[in-house]
Amino acid sequence: MLKYTNFRILTEWSPPFHFTKDARSPELLPCNYYNILNMRRLPILFTSIALALLSCTGEESLDSIARRVYSVADIQMRDIDNRLAPDSYPKTYENGVPKDSDQGWWCSGFYPGTLWLLYEQTGDESYRSLAEKHTLKLSDLPDKITDHDIGFQIASSFGNAYRITADTCWLASLKKGALCLAGRFSPVTGTTKSWNFSRNWDFPVIIDNMMNLEILTMASRLFQLDSLAEIACTHANTTIKNHFRDDFSCFHLVDYDSTDGHIRGKQTVQGYSDDSAWARGQAWALYGYTMMARETAVEQYLHQAEGIADMLLERLPEDGIPYWDFDDPAIPDALRDASAGAIMSSAFAELAGMTASSTRSKAYRQMAERQLRTLASEAYLASPGTNGGFLLKHSVGNIPGGTEIDVPLSYADYYFIEALGRLIE
């Protein structure tokens, strides 16, 4: 493979990801709508190359897709940097207006994380400079935030910074973030608490929490803090037991009693109904257990990831991009969710290299590629200079809450670039 820097091709290639398996002992087991914007600054050169390749082979190569995506990202990511206030992060783009957030928003780490991934995949030092700039803005976050999403925020920014550069200057915030998350763990419920606000909940735990466990396993390995890995495994085990249905689909939220650990209720807060399969929730589940299998080498987590993946293969539409909820009766007229598709693509790509089944590996890889190709098509990939600087169009945040409906989202871009890196590795 080749390593790309914008329009230049370098002759060296380094793998975008370095997977590690940290074997743990068995004792841990108990443990939104809008009009499409006019196109401008279209990268004609790369479009021509793509069309030429299509005419010859019938399918665009992944290398060609990567070049197209990087040419768009080269403009979009810098457009975002140019407009951001010093203390803000990109959130979304609605009705022709960019909407940004402060560092406390749960997605604040995804923009710097995307910049780190682009640096890793292209070798372009200007991405590293931008990534450092926007990561450092989050340095005091662990001292301010007491929320489960500290894992998202710190792992995607500081975690990638350390993984890619091996510079120990990034470790202090990583450790503080992990300890902050660990402080939300309850041995009574066997889980880490999610939201602090309440809708008559006592100890709410959402499936999203599976994603935040990675900061715990990273910190456990880096700082020899076995208790953090134990917390991560206990949470993962409890979630297998209580969040999932017989078909491997999952609820969004389980509410526990903080005094004795019994389950007070199960809901799907951001989905069509409590009993429905909210697409992004299923994506978090797939990614989360794939990640835990990689981090711990625990077979139970790999089997859980395979069960979720097999369920999704049966339910995903032909182009691979899920409807926002698999059980919305408006299907096929329901909205698609590009963010869920991007998360799934990245997870499928990794899981394909972990499963012992050659049949599964092929199916997972094919789905990951199909989802990436769809997301990299005109239907989802923004034209340069449009979409508020975001890469992907048509994501869904929270339809029941009436927010971020059919808009770009920073985490969709992050997992899209991550999936691309994994597939071209």
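Predicted model: local features only at pLDDT ≥ 70, side-chain atom pairs only at ≥ 80, totals over all residues.
**Entry 1: the whole chain.** I began with the secondary structure, which comes to 13 helices and 11 strands. I then looked up burial and found that buried residues make up 61% of the 425 residues in the chain.

**Entry 2: helices α6 and α7.** Two packed helices are described by the angle between their axes and the distance between the axes, so I looked up both values for this pair. The axes of α6, residues 171-182, and α7, residues 209-223, come within 9 Å and cross at roughly 120°. Angles of 65 to 115 degrees count as roughly perpendicular and those over 145 as roughly antiparallel, and α6 and α7 are therefore oblique to each other. I also recorded that their crossing is left-handed.

Next I asked which residues of α6 and α7 meet. On the α6 side I listed Leu171, Leu174, Lys175, Gly177, Ala178, Leu181 and Ala182, and these meet Asn212, Ile215, Leu216, Met218, Ala219, Leu222 and Phe223 in α7. By class, I noted 11 nonpolar, 2 polar and 1 charged residues in this contact.

**Entry 3: leucine 312.** I found leucine 312 in helix α10, which spans residues 299-315. Is leucine 312 buried or exposed? Its relative accessible area is 0%, and buried means under 20%, so leucine 312 is buried. Leaving aside residues up to four places away in sequence, I saw that leucine 312 touches Gln282, Leu286, Phe326, Met344 and Phe348. Glutamine 282 lies 30 residues from leucine 312 along the chain, yet their C-alpha atoms are separated by 8.1 Å.

Notes. Residues numbered from 1 in each chain as written. Heavy atoms only, no water. Axes fitted to C-alpha atoms, helices over the stretch in contact; angles between N-to-C directions. Helix = DSSP H or I, 4+ residues; strand = E, 2+ residues; numbered from the N terminus. Parallel < 35°, antiparallel > 145°, perpendicular 65-115°, else oblique. Left-handed = near helix turned anticlockwise from the far one by under 90°. Contact = heavy atoms within 4.5 Å. Nonpolar A, V, L, I, M, F, W, Y, C, P; charged D, E, K, R; others polar. Buried < 20%, exposed > 50% of the residue type's maximum accessible area, 1.4 Å probe, protein only.
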